[in-house]
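Visitor: I'm new to this one and would like to learn how to read its pockets. Could you walk me through them?

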Amino acid sequence: MSSPDPQVRGARNPSTRSAVRGPVVAVTGAASGIGDLLTRRLAASEEIKRVIAIDERRGDVAEAQWHILDVRDPAIAEKLRGADVVVHLAVDLDLETDPAARTAYNVRGTQTVLTAAAAAGVHRVVLCTSAMVYGALPDNDIPLSEDAELRATAEATGVGDMLEIERLGRRAPRAHPGLHVTVVRPAVLVGGTDTALTRYFESPRLLVVAGSRPTWQFCHIEDLVSALEYAALEKVDGEFAVGCEGWLEQEEVEELSGIRRMELPSAVALGTAARLHRIGLTPSPAGDLAYTMHPWVVSVGRLHDAGWRPKWTNEEVLAALLEEVEGRHTVAGRRLGRKDATAAGAAGATVALLGTAALVRQMRKRRGL
């Protein structure tokens, strides 16, 4: 398995920065997750002059210049002065966040960052969305071109936000001449992440909807961070995807994971998933199922043309994901405690996705239904 990039772990001496002719890069959401890893990598890079880190709390990268504020605060424009590039990673995709609040934060934050960047004289903003914006559809090409039409709908977790973020990104250069926007679209992201797609591998059985053809393309967070560095250094621009080479068929995933499938008719899977989400039992809407049913594998040609290569393979990322989720128990996207998991395991063996009539009945009793 690939090892972490040493650049992420260390940073060069700040006294050498004055001699660097590279860009000043600002990172939003810099204190945790992808933002933290990118801030560390940029701080270690000999090609970066200075790193401006923005978040609602201070992170651990001492070499960065920290500003503590909400990205929705218009005062961010002052903090961005002197930056050449902004990488906007302050996006909430937490499954447990109220959807309306999540959308309000993501959209308003992106609007504010784009406007503030233009006002501060920044010439490029890098946005990170997801390859999910292409949509998961039975007639998709395998792989999709990076120029393929975005056919996703807002029915899956966070996808509506991503589509709106991309719309704002396309509009920004027209509203602010001189501002350039780069959009990075990772495949299924793995590495300290918690999404409906990573929770799929926490289930006792892998749900397969009858008649569907799932394909899996992963992106390790380390590869995403290196791709974001490429974008920050303007080695690649425009809209591009990032992920492992090729893809895995469902049968390969089952063989590699050792998790058996449970096949359900489409009407049963989608109908019950929608009902469980509607009554609040599961965090994932039925729209998330499409991404486990239909292909949405994307070419990573633009990064390849720029000289970038992934350090992880699909097989390696799947192995890392399985190791990461070991001991967790999820049914229909709902993570269970150990006690619930015992009951859900048996139910999962018979109903897979929805897992547990017992849990539904229990929920009804609690609510007096």
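**Reading the pockets**

Guide: Let's start with helix H4 (99–120), which gives the second largest pocket three residues, the largest share of its lining. Helices (H or I, at least four residues) and strands (E, at least two) are DSSP runs, numbered from the N terminus. This is a predicted model: local features need pLDDT of at least 70, side-chain atom pairs count only at pLDDT 80 or more, and totals for chains, interfaces and linings use all residues. Residues are numbered from 1 along each chain as its sequence is written, and side-chain values use heavy atoms, leaving out hydrogens and water.

Visitor: What volume does the second largest pocket have?

Guide: First, the idea: on a 1 Å grid over the protein atoms alone, a pocket is an open set of points where a 1.4 Å probe fits, with protein on both sides within 12 Å along at least five of seven lines; lining residues have an atom within 4 Å of a point. Points are joined across faces, edges and corners, and a volume is the space filled by probe spheres set on them. Here that comes to about 250 Å³.

Visitor: Which residues lie nearest the centre of the second largest pocket?

Guide: Pro99, Arg102, Thr157, Gly158 and Pro285, out of 18 lining residues.

Visitor: And what is the volume of the largest pocket?

Guide: About 1,100 Å³. Of its 41 lining residues, Ile34, Val91, Asp92, Leu93 and Asp94 are the closest to its centre. Helix H2 (33–44) gives the largest share of that lining, namely four residues.
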